[in-house]
Amino acid sequence: MGWEERKRAALERLRIHLAQGRVDPDILSLLDAINSLPFAYTTSSCSGRIQLYEARAPGEKFDMVSLGKWHSPVEPDEILSRMRGANLWLALLPPIIHAFTCSLEASTFLLKIMRGAGFKRACIMNLSRPFIEARGTERLEIPLRLEGRDIVYPEGIRLIVGTANRMLRRAKLRISKLEVMLRDEASRGLDNLCR
């Protein structure tokens, strides 16, 4: 499958996922900005989220039970009302953007814009089929309960959630900045990066 066919297929998958409600609404405008570029298209991306989950250790993706996910600031009482299980973790996960480009030159160009918008953790993941991953720096993962014992009490949880909310808002501002920068570049008609 060539570049254009891969991009069309990815945009069709995005359309299907949108119809199914599987796309983070806070990143839609940024996805549109990237996908409007003639030299790039997105795959799974997220604007960042706060998550409460049960797991023996942080990041255990396959043994994790999600108790709540929020792509926007959350009230501490919402967290407190969902606390069930022996090992509970509260996480703030950073924005993550995945984009394929038509050439290494296009990847380098897009990477420069992403870093200019404050995505310090952005890199080209594959050289033969250029792929960029950009992650925000906002990350927080805190145990609230271990082995059935609360280690952070309600007042502490309120403080932690307040911090997570501020960090999430900061991440959303970075996404907005990136979108503005991308739309500015797109308005210049950059279409020769696929040669």
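At what angle do the axes of helix α2 (residues 28–35) and helix α5 (residues 154–186) cross, and within what distance do they come? In this predicted model, local features need pLDDT of at least 70 and side-chain atom pairs count only at pLDDT 80 or more, whereas totals for chains, interfaces and linings use all residues. Residues are numbered from 1 along each chain as its sequence is written, and side-chain values use heavy atoms, with hydrogens and water left out.

The axes of α2 and α5, lines fitted to C-alpha atoms over the stretch in contact, come within 9 Å and cross at roughly 25°, where angles run from 0 to 180 degrees between N-to-C directions. The two helices, taken as DSSP runs of H or I with at least four residues, are therefore roughly parallel to each other, a term for angles under 35 degrees. The contact (heavy atoms within 4.5 Å) is made by S29, L30, D32, A33 and I34 of α2 together with I175, L178, E179, L182 and R183 of α5. These residues divide into six nonpolar, one polar and three charged, with Asp, Glu, Lys and Arg counted as charged, Ala, Val, Leu, Ile, Met, Phe, Trp, Tyr, Cys and Pro as nonpolar, and the others, Gly among them, as polar.

Twelve salt bridges are found in the whole structure, each a side-chain nitrogen of Lys or Arg within 4 Å of a carboxyl oxygen of Asp or Glu. One of them joins the side chains of R170 and E138 (3.6 Å, N to O). Because R170 lies in helix α5 and E138 in the loop between β7 (131–135) and β8 (140–146), this pair ties together parts that are 32 residues apart in sequence.

Conventions. Parallel < 35°, antiparallel > 145°, perpendicular 65-115°, else oblique.
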